[in-house]
Amino acid sequence: QLAAGEDPLLIIEACQQGMRQVGLRYERREYYLAGLIMAGEIFGQVMELLRPVVERRVSDRASGCILLGTVRGDIHDLGKNIVSMLLSCHHFAVHDLGVDVSPVTFVQQAARLQPHIVGLSGLLTSAYDAMRQTVAMLRAEGYQGPIIIGGGQLSEEVCQYVGADYWTTDGVAGTELCKRLMMES
């Protein structure tokens, strides 16, 4: 598809849809853990192939600083890594804190970096409380910028519970949201 000139963002969206299907089949016990891991590895390889193409095709220059990480208690990073790559391709300075990041670390890094946007990632429903605590601590310490939560199980209700400003379940949509927020500021 890439050699045929297919839009790399459409390829990423198709891969994300495929990953969601693999995840659902794993939850229904139709796939084993090995299949889930293999799908993640393949998706990571696809992302590495697409990165240079996406970088060449990005013409608009959205810029800003984004602090990103997967919250405490969650070690899933595939979605976060996709968003990080897409944001970098759109000329954002991304400071990725990794996985299992404590609320204190988010607060310390937000104070140090003064990011335009903070992104909290979490795949597990158990991550909601860590997200909520992180948002509360960020606000208590004076961070006034937008806080976006991302993950496959999120909804408007979860966003309200957590206290975040925005939510997304899709890397491409999350990147577009960050671009829009930067243009509005």
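**Figure 1. The whole chain.** Which pattern does the protein chain follow when read along the sequence? The pattern is α-α-β-α-β-α-β-α-β-α-β-α. The radius of gyration is 16 Å, close to the 16 Å that the globule rule gives for 185 residues, so the chain is as compact as a globular protein of that length. That radius is taken over C-alpha atoms, and the globule rule is 2.2 Å times the number of residues to the power 0.38. This is a predicted model, in which local features need pLDDT of at least 70, side-chain atom pairs count only at pLDDT 80 or more, and totals for chains, interfaces and linings use all residues. Residues are numbered from 1 along each chain as its sequence is written, and side-chain values use heavy atoms, with hydrogens and water left out. The chain has 7 helices and 5 strands. Both are DSSP runs numbered from the N terminus: helices are H or I with at least four residues, strands are E with at least two. Along the principal axes, the C-alpha atoms fill a box of roughly 50 × 40 × 25 Å. Of the 185 residues, 43% count as buried. Buried means under 20% relative accessible area, exposed over 50%, and partly exposed in between (1.4 Å probe, protein chains only).

Figure 2. Lys-80 forms a salt bridge with Asp-96. The closest N and O atoms are 2.8 Å apart. A salt bridge needs a side-chain nitrogen of Lys or Arg within 4 Å of a carboxyl oxygen of Asp or Glu. Lys-80 is buried, at 4% relative accessible area. Asp-96 is partly exposed, at 32%. The salt bridge count comes to 5.

Figure 3. Look at Glu-176 and Lys-179. Their side chains meet in a salt bridge (3.4 Å, N to O). Is each one buried or partly exposed? Glu-176 is partly exposed, with a relative accessible area of 37%. Lys-179 counts as buried, at 9%.

**Figure 4. The salt bridge of Arg-28 and Glu-30.** The two side chains meet at 3.0 Å, N to O. Arg-28 is partly exposed, at 48% relative accessible area. Glu-30 is partly exposed too, at 47%.

**Figure 5. A nonpolar surface patch.** Tyr-26, Tyr-31, Leu-33 and Ile-37 form this patch. Together they have about 360 Å² of accessible area. Tyr-31 lies in the loop between helix 1 (8-27) and helix 2 (33-57). Tyr-31 is partly exposed, at 32% relative accessibility.

**Figure 6. A charge over a ring.** Arg-132 lies over the face of Tyr-161, at 4.3 Å from the ring centre. The rule asks for NZ of Lys or CZ of Arg within 6 Å of the ring centre and within 35 degrees of the ring normal.

**Figure 7. Ile-148 in strand 4.** Strand 4 covers residues 147-150. Ile-148 is buried, with a relative accessible area of 7%. Ile-148 and Val-118 are 30 residues apart in sequence. In space they are 6.3 Å apart, C-alpha to C-alpha.

Conventions: Patch = residues over 30% accessible without salt bridge, like charges linked within 9 Å, V, L, I, M, F, W, Y side chains within 5 Å. Areas by Shrake-Rupley, 256 points an atom, 1.4 Å probe, with all protein chains shown as cover.
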